[in-house]
Amino acid sequence: MINAIAVDDELNALGIIEEFSKKIPYLNLVKTFTDPTKALQYTGDNSNKIDLVFLDIQMSRLNGLTLAEHLPEETRIIITTAYPDYALQGYEMDVIDYLLKPFSFARFKRAVHKMLLFKDRPIADYDNGQKLKATGDDFIFVRTDYKTLKVKIADILYIEGSGNYVTLHTPKGKILILQNLKKFEDQLKPYQFIRVHRSFIISFNHIDSIEKGWIMMNNIEIPIGDSYRDSFQEFLNQNYKQF
């Protein structure tokens with residue numbers, strides 16, 4: 001069960017989150033707040049165990065990003081806002097998702113699915129085995145060559161790590177980033193990405209074939225490391241029985 005609160009100074013927005021939350025059996029919306037300072041007091045009380053905060057950004061009494069900086073470290077965030085300008089800041093804070101108002105129930109549910117996966121609980125336990133597949137609406141921001149790029153998650157074939165750098169391989173080319181491979185492993189975990197080697201994270205949806213310790217993707221052979229072989233096979237067995 002995911003225990004959540006919602007913070008928004010618009011009652012209509014809170015009403016929508018309440019309505020959508022009731023439709024998801026594993027989501028428990030404990031409280032809603034129009035006053036962000038009261039929300040901060042609530043989450044600061046150790047007796048209130050909150051996993052997730054639906055958080056608006058532009059609020060009259062306190063900016064949502066400021067509030068986010070004071071939330072307990074283990075509390076995750078889904079931003080709900082009418083302003084796309086804060087997307088980069090949100091992703092830099094490792095938010096679970098960024099919902100741009102007005103959002104549909106389907107989009108809301110996808111965001112909650114991500115939270116469930118971050119808690120290392122299979123969606124199959126709660127939602128008839130439905131898996132999360134990246135669409136054109138899902139993206140990440142990355143910094144490269146003194147600029148910030150928006151990259152669609154569905155376009156990422158695999159990620160290759162080398163020292164302090166990683167390379168995103170996409171159908172349009174390569175993107176070199178000064179970043180830790182582990183960060184991408186955590187960030188893309190909900191999207192059917194899995195680490196198969198100390199230097200490679202692959203998108204399951206772009207696999208062409210698997211044979212003798214190698215994964216073929218876009219005419220490139222990706223090795224399956226010995227220490228990752230069992231976890232990769234377990235991933236296949238649990239989620240894709242056709243393999």
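Is Phe200 buried or exposed? Phe200 is buried, with a relative accessible area of 12%, where buried means under 20% relative accessible area, exposed over 50% and partly exposed in between, taken with a 1.4 Å probe on protein chains only. The model is predicted, so that local features need pLDDT of at least 70 and side-chain atom pairs count only at pLDDT 80 or more, while totals for chains, interfaces and linings use all residues. Residues are numbered from 1 along each chain as its sequence is written, and side-chain values use heavy atoms, with hydrogens and water left out.

**View 1. Tyr158 and Phe200 form a tilted aromatic pair.** The ring centres are 6.1 Å apart and the planes make an angle of 50°; rings of Phe, Tyr and Trp (its six-membered ring) pair if their centres lie within 6.5 Å, and planes under 30 degrees apart count as stacked, over 60 as edge-to-face and the rest as tilted. Because Tyr158 belongs to strand β8 (residues 158-162) and Phe200 to strand β12 (residues 200-203), the pair ties together parts that are 42 residues apart in sequence. Strands (E, at least two residues) and helices (H or I, at least four) are DSSP runs, numbered from the N terminus. Tyr158 is also buried, at 6% relative accessibility.

**View 2. The largest nonpolar core has 21 residues.** Such a core is a set of buried Ala, Val, Leu, Ile, Met, Phe, Trp, Tyr and Cys residues joined through side-chain atoms within 4.5 Å. Ile2, Leu27, Phe54, Phe108 and Val112 touch the most other members. At least two residues of this core come from each of β1 (2-7), α1 (11-21), β2 (27-33), β3 (52-55) and α5, and α5 gives the most, with five residues.

**View 3. Phe20, Phe54, Phe103, Phe105 and Phe108 are linked into a cluster by ring pairs.** The charged end of Lys23 sits over the ring of Phe105, 5.1 Å from its centre, a description that requires NZ of Lys or CZ of Arg within 6 Å of the ring centre and within 35 degrees of the ring normal.

**View 4. His113 is found in helix α5 (residues 105-118).** His113 is buried, with a relative accessible area of 1%. Its side chain makes a polar contact with the side chain of Tyr26 at 2.8 Å; a polar contact is a pair of N or O atoms within 3.5 Å, and within protein one must be able to donate a hydrogen and the other to accept it, while residues adjacent in sequence count only if both atoms are side-chain atoms.
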